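Dear colleague,

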Amino acid sequence: MRSVKPPSNGPYHSVAAPRRGGASGGKGQGEPRRDPAPSRLAYKVHRLWLTPSFRGFLRVGLPVFLVLLLVGWYFSNPANRNAIGEKITQIQRSVQERPEFMVKLMAVEGASPVVDEAVRQMLPIDFPISSFDLDLEAMREEIAKLDVVEKAALRIRPGGVLEVAITERQPAIIWRHDGILDLLDRTGHRVASLLGRSGRADLPLIAGPGADKAVREALDLIDTARPFGEEFRGLVRVGERRWDVVLASKQRILLPTDNPVDALEQVIALDQAQEVMARDLIVVDMRNPQRPTLRLAENAVDELRRMQGIEVGVSEND
């Protein structure tokens with residue numbers, strides 16, 4: 001398709017826009033042309049604002065920094081710190097001293113009167129007191145230091161009652177050592193001291209250094225020695241490794257280090273069969289169970305020698 005150019009002398013003519021600062025007069029003559037592009041500083045600021053971390057710093061980091069700065073300045077003054085501390089303490093005490101948190105009395109369960117009194121002396125608590133001021137674990141450890149206490153449990157019951165549940169050790173035997181009488185339980189743990197043997201005549205007696213470390217074995221021997229009845233007086237630990245059985249007739253049965261119960265049962269069987277212990281003996285030595293040895297009393301030895309002399313005389317006369 002061909003373009004048609006209008007004639008120059010026709011009704012068509014070109015119209016040109018007037019230029020700024022041209023020769024024709026009007027407003028704005030002589031003003032410099034303004035560049036629409038932003039300045040370099042504005043461009044950098046705009047690019048920085050488009051950065052997420054920078055916007056986050058301005059929105060969050062800067063306010064937090066200012067708050068921390070003000071808080072640090074406030075707490076740098078000792079008077080302000082003391083005032084805040086006292087206020088917190090007052091609020092804390094007002095909560096801790098509410099009636100539902102107050103403990104008004106203490107109840108000791110499962111303890112004898114002597115132990116009950118000892119526990120109350122160990123825990124001199126001024127009632128009423130807030131439950132937050134009671135260290136139950138430390139109190140339990142303090143009570144457990146008593147020799148007679150096997151277990152102790154503490155809890156605060158509803159109604160403001162501090163309950164102390166005590167499980168006492170049960171004495172099973174008396175240990176005589178260094179002129180002292182101590183009550184021991186079945187594990188050998190000390191329970192209490194005795195002023196005299198008559199204080200617990202119902203309990204068996206053991207003696208000697210290291211006897212408290214072999215209480216279980218001693219109790220087994222005592223059970224085995226029941227056939228002796230009232231003749232049985234006690235056990236003596238020898239060399240911290242073996243036992244001697246002591247009878248009322250001052251007779252002794254020397255037991256071996258290993259399997260002492262079996263050796264004692266052998267002696268009891270001999271006594272029941274041949275009345276060995278009814279004879280004038282001082283010692284029955286079972287330290288070697290394969291070869292038991294009997295030691296006669298002095299009178300029995302003299303009588304035996306006299307009888308042997310008579311027999312020798314009769315033989316010579318014959």
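Which backbone oxygen lies 3.2 Å from a polar atom of the side chain of Arg169? That oxygen belongs to Asp147. The model is a predicted one, in which local features need pLDDT of at least 70 and side-chain atom pairs count only at pLDDT 80 or more, while totals for chains, interfaces and linings use all residues. Residues are numbered from 1 along each chain as its sequence is written, and side-chain values use heavy atoms, with hydrogens and water left out.

Arg169 sits in the loop between strands S5 (161–168) and S6 (173–177); helices (H or I, at least four residues) and strands (E, at least two) are DSSP runs numbered from the N terminus. Its relative accessible area is 16%, so Arg169 is buried (under 20%, with a 1.4 Å probe and protein chains only). The side chain of Arg169 also makes a polar contact of 3.1 Å with that of Asp185 (N or O atoms within 3.5 Å, one able to donate a hydrogen and the other to accept it; residues adjacent in sequence count only if both atoms are side-chain atoms).

S6 also belongs to an open sheet of nine strands, in the order S8-S7-S6-S9-S10-S11-S12-S13-S14, with mixed pairing (at least two DSSP bridges between two strands). Strands S8 (190–194) and S14 (293–296) are at the edges, each with a single partner strand, so one side of each has no neighbour in the sheet. S6 and S9 (residues 205–207) run parallel and are joined by three bridges, and Ile174 has Leu205 as its bridge partner in S9.

Yours sincerely

Conventions: Buried < 20%, exposed > 50% of the residue type's maximum accessible area, 1.4 Å probe, protein only.
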